[in-house]
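Try each task before you read its solution.

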Amino acid sequence: MTPATAGDPMTGLKWTRKTTRKVSTELKRAGIDVGARTVARLLTDLDYRLRVNHKKLSRGTAVTRSERNQQFEYIQALRQSFLERGDPVISVDTKKKELVGLFKNPGTVWVKTATPVFDHDFPTASEGNYSVNP
């Protein structure tokens with residue numbers, strides 16, 4: 001379990017990236033015959049729940065509504081100037097990049113309490129990013 005165990009040294013919170021089925025398989029290898037549903041029930045009995053991240057941490061650097069509006073107005077003016085000159089306007093969809101750090105993600109893990117993450121996913125708060133190939 002150690003290679004798949006992670007945690008927060010500040011709070012002592014620990015979790016595993018393994019599914020209950022994988023935990024069950026490892027326990028069977030260790031001589032403990034237990035199924036994935038029993039592992040889930042035992043985790044529940046120990047007050048663990050499947051949790052998602054909670055957007056609760058504020059960085060206080062949110063983009064204001066007027067700043068965001070200025071961005072969209074600039075893009076619209078730029079598009080309009082290209083169209084007036086008869087130049088094409090192209091929309092490009094790039095590969096998705098995942099931010100690394102305390103950001104909301106769609107996964108769940110068995111833990112006693114939810115992990116607080118930043119309330120906004122600003123790249124400037126990232127410890128880095130990596131490309132996700134769909």
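**Exercise 1.** Classify aspartate 45: is this residue buried or exposed?

Solution. The model is predicted. Start with the value: aspartate 45 has a relative accessible area of 56%. Now apply the cut-off: exposed means over 50%. Aspartate 45 is therefore exposed.

**Exercise 2.** Find the salt-bridge partner of aspartate 45 and locate the pair.

Solution. The side chain of aspartate 45 meets that of arginine 41, at 3.6 Å from N to O. Check the limit: a salt bridge needs the nitrogen within 4 Å of the carboxyl oxygen. Next, the location: both residues lie in helix 2, which covers residues 36-45. They sit 4 residues apart, about one turn of the helix. Arginine 41 has 47% relative accessibility and counts as partly exposed.

**Exercise 3.** State how many salt bridges a search of the whole structure finds.

Solution. The search finds 3. One of them joins aspartate 45 and arginine 41. Another joins glutamate 26 and lysine 18, at 1.9 Å from N to O. A further one joins arginine 85 and aspartate 87, at 3.0 Å.

**Exercise 4.** Classify lysine 18 and glutamate 26 by relative accessible area.

Solution. Lysine 18 has 16%. Buried means under 20%, so lysine 18 is buried. Glutamate 26 has 25% and is partly exposed.

Definitions and conventions:
Residues numbered from 1 in each chain as written. Predicted model: local features only at pLDDT ≥ 70, side-chain atom pairs only at ≥ 80, totals over all residues. Heavy atoms only, no water. Buried < 20%, exposed > 50% of the residue type's maximum accessible area, 1.4 Å probe, protein only. Helix = DSSP H or I, 4+ residues; strand = E, 2+ residues; numbered from the N terminus.
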